[in-house]
Amino acid sequence: MESIIKVDKVIKKFGSDLALSNVSIEFERGKIYGIVGRNGSGKTVLFKTIIGFLKPTSGRVFVGGKEIGKDTDFADNIGIIIETPGFLSSYSGYKNLEYLASIKNIIGKEEIKESMERVGLDPGSKKKVGKYSLGMRQRLGIAQAIMENPDILILDEPMNGLDNQGVEDVREILLNLKDEGKSIILASHNKEDIEVLCDEVYEMDHGKLTFSE
């Protein structure tokens, strides 16, 4: 299988604190990977380093064959949810996605509507995001992550705030995306999400990454 992300001997320090300790891993196309670990174990730092939001202290990261920080500043072709998705609270969900889509300007109205409908949100609703429940915000975050049809999804606690139906819906969406050949890396505290979705599971502890099963 083709490796779409390669993390090579990455160390990340914040002052004297070691956040990532010599992490090496390759992620293949068309698989779902689970990263489990306590808060503060290094999961989010790893995700931000892959995307290019954080620069490794040493080591290298390649996404789609390009070295992050050398060939390109940020990984393109990645949909992300990291921490709580940030939206403009006085705009509707559709208006928020339209604004975000205008940054790269590679999709139009139809793709935005389709991504909202796919996660169970009404693109025609005038309801402001400030009035959204946590679950609705999370759905909008997933719509944002998938709307530009990226090859890779990096999702930090994507089920956060979702009710049982929402969890079922998102699991189905992720499995369908995997069938379309997407690579998905997700962090979740929910064992069942990990068991149902993931082809491979890794554990993060004190910045060290180990293969779990």
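Which residues is leucine 186 in contact with, leaving aside its neighbours within four places in sequence? The views below come from a predicted model, and the first of them starts with this residue.

**View 1. Leucine 186 and its surroundings.**
Leaving aside the neighbours within four places in sequence, leucine 186 is in contact with Ile32, Tyr33, Gly34, Ile35, Phe47, Leu155, Pro158, Leu174, Ile194, Leu197 and Cys198. Leu186 also stands out in the largest nonpolar core: together with Leu174, Leu186 is among the residues with the most contacts inside this core of 35 residues. As a general background, nonpolar side chains in soluble globular proteins tend to be buried together.

**View 2. The open sheet of six strands.**
Follow the strands in the order β6-β7-β8-β3-β9-β10 and you have walked across an open sheet of 6 strands with mixed pairing. At its edges stand β6 (78–81) and β10 (208–211); each has a single partner strand, so one side of each is left without a neighbour in the sheet. On average, neighbouring strands of this sheet are turned by 15° against each other, direction ignored.

Strands β7 (residues 152–156) and β8 (residues 183–187) run parallel and are joined by 5 bridges. Look for isoleucine 152, which stands opposite serine 183 in β8. Helix α4 (residues 134–146) packs on the sheet and touches β6 and β7, with its direction at about 165° to that of β6. Another helix, α5 (residues 164–179), lies across β3 (32–36), β7 and β8, and runs at about 145° to β8.

**View 3. Strand β9 and its partners.**
On one side, β9 (residues 200–205) runs parallel to β3, with 4 bridges joining the two strands. Tyrosine 33 has glutamate 200 in β9 as its bridge partner. The pairing of β9 with β10 is antiparallel and also has 4 bridges. Here aspartate 205 finds its bridge partner in lysine 208 of β10. What do β9 and β10 form, and how many residues are between them? They form a hairpin with 2 residues between them, and histidine 206 in the turn has a positive phi of about 50°.

**View 4. The open sheet of four strands.**
A further open sheet has 4 strands in the order β2-β1-β4-β5, with antiparallel pairing. Its edge strands are β2 (17–28) and β5, each pairing on one side only. Between β1 and β2 there are 8 bridges in the antiparallel sense. One place to look is valine 10, whose bridge partner in β2 is valine 23.

**View 6**
Searching the whole structure gives 3 aromatic pairs. One of them joins phenylalanine 27 and tyrosine 33 edge-to-face, at 4.8 Å centre to centre and with 80° between the planes. Phenylalanine 53 lies in the loop between α1 (43–51) and β4 (58–63), and phenylalanine 74 in the loop between β5 (66–67) and β6, so the pair ties together parts that are 21 residues apart in sequence. Phenylalanine 53 is partly exposed, at 46% relative accessible area, and phenylalanine 74 is partly exposed at 48%.

**View 5. A charge over a ring, and two positive phi angles.**
The charged end of lysine 12 sits over the ring of phenylalanine 14, at 5.1 Å from the ring centre. Lysine 9 belongs to strand β1 (residues 3–14); its phi is near 50°, a positive value in a residue other than glycine. Glutamate 157 is not a glycine either, yet its phi is positive at about 55°. You will find glutamate 157 in the loop between β7 and α5, where it is buried with a relative accessible area of 18%.

Definitions and conventions:
Residues are numbered from 1 along each chain as its sequence is written. This is a predicted model: local features need pLDDT of at least 70, side-chain atom pairs count only at pLDDT 80 or more; totals for chains, interfaces and linings use all residues. Side-chain values use heavy atoms; hydrogens and water are left out. Two strands pair if DSSP finds at least two bridges between them. Axes are lines fitted to C-alpha atoms, for helices over the stretch in contact, and angles run from 0 to 180 degrees between N-to-C directions. Contact means heavy atoms within 4.5 Å. Buried means under 20% relative accessible area, exposed over 50%, partly exposed in between (1.4 Å probe, protein chains only). A nonpolar core is a set of buried Ala, Val, Leu, Ile, Met, Phe, Trp, Tyr and Cys residues joined through side-chain atoms within 4.5 Å. Rings of Phe, Tyr and Trp (its six-membered ring) pair if their centres lie within 6.5 Å; planes under 30 degrees apart count as stacked, over 60 as edge-to-face and the rest as tilted. A charge sits over a ring if NZ of Lys or CZ of Arg is within 6 Å of the ring centre and within 35 degrees of the ring normal.
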